[in-house]
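Here are a few notes to read alongside the model, jotted down for someone opening it for the first time. Take them in order and keep the viewer handy.

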Amino acid sequence: LTAMGEPSMEPTMPAADSTAQQDSLFSMMDVFLISLITGLFTYWFFFRKKKEEVPDLPKMQSVAAPVRDSSFIEKMKKTGRNIVVFYGSQTGTAEEFANRLSKDAHRYGLRGMAADPEEYDLSDLSRLSEIDKSLAVFCMATYGEGDPTDNAQDFYDWLQEADADLSGLRFAVFGLGNKTYEHFNAMGKYVDKRLEELGAQRIFELGLGDDDGNLEEDFITWREQFWPAVCEHFGVEATGEESSIRQYELVVHTDVNMNKVYTGEMGRLKSYENQKPPFDAKNPFLAQVTENRKLNEGGERHLMHLELDISNSKIRYESGDHVAVYPANDSSLVNQIGEILGTDLDTVMSLNNLDEESNKKHPFPCPTSYRTALTYYLDITNPPRTNVLYELAQYASDAGEQERLRKMASSAAEGKALYLSWVVEARRNILAILQDMPSLRPPIDHLCELLPRLQARYYSIASSSKVHPNSIHICAVTVEYETKTGRLNKGVATNWLKSKVPEQNGSSSLVPMYVRKSQFRLPFKPSTPVIMIGPGTGIAPFIGFIQERAWLKQQGKEVGETVLYYGCRREHEDYLYREELARFQKEGVLTQLNVAFSRDQAEKVYVQHLLKKNKENVWKLINEGMAHIYVCGDARNMARDVQNTFYEIVSEFGNMSQPQAVDYVKKLMTKGRYSLDVWS
């Protein structure tokens, strides 16, 4: 209260009091100013520090990032190599061919190395001429619809954008493809053409391997003409016969910490016990199986629907993507190999690369046991390639068996024919060969070195993430058939998945998996009509598509016509997702459901017959509705027959000649209006 009256008293205050008050005011103002300056300086100081620290972060990150030995030129110089064989590989075959070619080089006084293009800076190709008698070979597989493999994507992007001068580069290309696909060997053809455009010198013609025929024979035929061309170009001669040279040495671990031993992990040790995203091919997620039900009502086959729980994995997927699954080999096959070779399969060992400079230290994760290697890491069910037979021949004590193995591995016409009939057509896997050649008893470590890696299997996802964000659905048919030798061969992944039952008695079934992105996508506008053609398990992605269109409709979006052409053998035997499709049709999401039962009548009826039957409506949807067409399933027959049917429809209703109709459909593909998700 006193303070409130102070202003009115000021005029009557004595002079001394007035001066004292002034001094007091100054000192208070000083304190205020000093505090203000200090505060501003403090704020500026910390603000300045923050600003200075921000640019330092990338430096810290770059120091922590793994250093990539990106110059293959420096590595070749350091190790005395003059041939580099790059591979674009999705399933391991191109990598295997690259290893075989690099191994061949020593016969001609040359030294080769196989290289993953993902690990190196390919712009260094312009410097390869710095090395005497240098050559770059490319074993390039084509994936999907003319796409590069995952590990060759960066190389492909670089080739497209590069304006490098490769005039000093000598090269050769072998492509791995499949003639049942629209874009046969597109990647091999592109690399061969583009390198020449950039000035590189082709020293041998492009090789085109066809997996629908006999890929192994195509490779051998190309290889036996390739090396003479190399010899002629460089003026060198073969120094001797092909010889067996071990690439890895065996180390047996008698006293080992079992926590340091791989038990099936694909990359990081203990990654299955301590799961960390992101999940990919080298770090798969262990998904729990929450549902595994049989889809078909009868027949000899087993068609199944599985659901994998991806909760808390941070895995995202879109309708049309693929799920990759890492299977395990049948334990009875593994045990039989161990018994025949008289091996303790629980021996812990490592196979260490004899080439210390190689980026690939082991053929599979080591240390591990033979049992783990044969169960999770090695392909023991496919017929082995000729190079494996050649290397194994030395271990056959019977002269006749040894000669037979060498003959099948040779490039002679008789040998090729014998390999085709006795191994490929008879579907003899390594166990069958060991059983049918009693004197052939190789050391198990050399066998493990020679066998190719067991690959992930891809399935079209049968669900929509809009409806099932925490689960991925698979639709598959178990593979089982009798061979010409009377043996029962079973598909590795499908029979392994069949055994994966949801949680019972507290134990859960786990599946190592990751998602591979696809170009198989619904139209951007929900109002765009879609025509889906998918017989058998080819219906899988369309279950996801229809789920998504139903969800969009529930969100109040205008959804265009959704037309399905589905086919199976018999209505009351293998009509997959019958109830779901009927419900979608009743709800008005599935506007047309056309089902072909191929064996329910005297004459077989397939999806292409139903397309012809509705040809007028099909043309209207394509021409007026700007519909998108999707085909999923068998590439060899169905996809081709369906495509030919579209040629006929376009020709008839578009008043076009056959070549014009073909061009019209090809343009739909280019525009993304005709998409394929097919397999052979």
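1. Start with Phe545: in this predicted model its relative accessible area is 0%, so it counts as buried. Tyr630 is also at 0% relative accessibility, which makes it buried too.

2. How do these rings sit together? Phe545 and Tyr630 make an edge-to-face aromatic pair, with 5.1 Å between centres and 80° between the planes. Phe545 belongs to helix α17 (residues 540-554) and Tyr630 to strand β22 (residues 628-634), so the pair ties together parts that are 85 residues apart in sequence.

3. Another edge-to-face example is Phe226 with Trp227, at 4.9 Å centre to centre and 65° between the planes. Phe226 has 0% relative accessibility and therefore counts as buried; Trp227, at 4%, is buried as well.

4. Phe226 and Trp227 are part of a cluster linked by ring pairs, whose other members are Phe97, Tyr108, Phe174, Phe204, Phe219 and Trp222.

5. Now look at helix α4 (residues 72-79). Which of its residues are buried? They are Phe72, Ile73, Lys75, Met76 and Thr79. Down the axis of α4 they fall within an arc of 165°, so they line one face of the helix. As background, an α-helix has 3.6 residues a turn, so residues three or four places apart point the same way. The buried residues of α4 pack against β1 and β2. Just after this helix, Gly80 has a positive phi of about 70°.

6. Last, the sheet. Six strands form an open, antiparallel sheet in the order β14-β11-β18-β9-β10-β15. Its edges are β14 (457-460) and β15 (471-477), each pairing on one side only. From one strand to the next, the twist averages 40°. Within the sheet, β9 (residues 285-294) and β18 (residues 510-516) pair antiparallel over 4 bridges, and Phe285 stands opposite Met513 of β18.

How values were computed: Residues are numbered from 1 along each chain as its sequence is written. This is a predicted model: local features need pLDDT of at least 70, side-chain atom pairs count only at pLDDT 80 or more; totals for chains, interfaces and linings use all residues. Side-chain values use heavy atoms; hydrogens and water are left out. Buried means under 20% relative accessible area, exposed over 50%, partly exposed in between (1.4 Å probe, protein chains only). Helices (H or I, at least four residues) and strands (E, at least two) are DSSP runs, numbered from the N terminus. The arc is that of the directions from the helix axis to the C-beta atoms. Contact means heavy atoms within 4.5 Å. Two strands pair if DSSP finds at least two bridges between them. Axes are lines fitted to C-alpha atoms, for helices over the stretch in contact, and angles run from 0 to 180 degrees between N-to-C directions. Rings of Phe, Tyr and Trp (its six-membered ring) pair if their centres lie within 6.5 Å; planes under 30 degrees apart count as stacked, over 60 as edge-to-face and the rest as tilted.
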